Amino acid sequence: MTDPKPWFPIETERLRLREFRPEDEADVHAYARIPEVSRYMVWGPNTEEDTRFFLGKSLEAQTRWPRTDVSLAMATKTGDQVIGAIRLWVVDLENRTAEIGYTLHRDYWRRGLTFEAANALINVGFEILGLHRIIATCDVRNRGSWGVMRKLGLRREGRFRQDKQIKGAWRDTYAYGVLAEAWHVANR
Ligand SMILES: CC(C)(COP(=O)(O)OP(=O)(O)OC[C@H]1O[C@@H](n2cnc3c(N)ncnc32)[C@H](O)[C@@H]1OP(=O)(O)O)[C@@H](O)C(=O)NCCC(=O)NCCS
């Protein structure tokens, strides 16, 4: 991710993937406070202070460019309401590999919004950033998360046993991935 020009905001049919703004705090907190949303995450459910800290860190990161870790707000195109977040970060620069992650407000699940956002982000990753491989990981019990990965065309590459502690308990992790060449064939 060394492109001198920022490759965002990204427009999809229903969303604008854009940088966070200070005035997004209430919107971010509205989803980050919901226990179901952060059930499989290392963070959350957020207190107001947690959300302010997250947003502050995001705003601070946004002052630097280029950077190899980009979090974007998932904002509705109709009302510019922030309903989630999506992130792309380089895990192996030399081998042009990046990881994606996403979070969406519970009220908006199962409408294809995360698929729409992640699909657009992966396209940018391969088409603009020249990545070779994009990966994603999640708790094996997080059906929604690996459902998105599968629908995107990522392949399950493995299962790590108890590699992470989430909310005081060991979890197993699924690793998914897609190569640029497979993406290009599937999305021709
Ligand atoms: C994971 C999450 C982002 C999915 O977002 P979403 O916008 O509801 O997902 P989509 O509507 O784009 O779903 C895409 C596909 O994934 C699968 N899927 C999504 N949620 C699912 C669920 N709860 N159960 C079963 N399959 C599911 C389906 O195949 C779906 O396609 P379909 O609706 O055409 O059948 C959302 O559930 C969420 O924010 N969860 C909490 C945060 C989180 O766990 N993030 C991932 C951390 S690794």
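User: By class, how many nonpolar, polar and charged residues does the shell around the ligand have?

Analyst: This is a predicted model, in which local features need pLDDT of at least 70, side-chain atom pairs count only at pLDDT 80 or more, and totals for chains, interfaces and linings use all residues. Residues are numbered from 1 along each chain as its sequence is written. Ala, Val, Leu, Ile, Met, Phe, Trp, Tyr, Cys and Pro count as nonpolar, Asp, Glu, Lys and Arg as charged, and the others, Gly among them, as polar. On that basis the shell has nine nonpolar, eight polar and four charged residues.

User: Which element gives the most to the shell around the ligand?

Analyst: The shell has 21 residues, and the closest are Trp109, Thr114, Phe115, Gly144 and Gly147. Two or more residues come from each of β5 (97–104), α3 (113–127) and α4 (143–152), these being DSSP runs numbered from the N terminus (helices H or I, at least four residues; strands E, at least two). The top contributor, with six residues, is α4.

User: Which are the edge strands of the open sheet of eight strands?

Analyst: Strands pair if DSSP finds at least two bridges between them. The order is β1-β2-β3-β4-β5-β6-β8-β7, with mixed pairing. Two bridges join β1 to β2 (residues 15–18), and these strands run antiparallel. Pairing on one side only marks the edge strands, β1 (10–11) and β7 (155–166).

User: Which residue in β2 does isoleucine 10 stand opposite?

Analyst: The β1 and β2 strands run antiparallel. Opposite isoleucine 10 stands leucine 17.

Definitions and conventions:
A residue is near a molecule or strand if its C-beta atom, placed from the backbone, lies within 6 Å of it.
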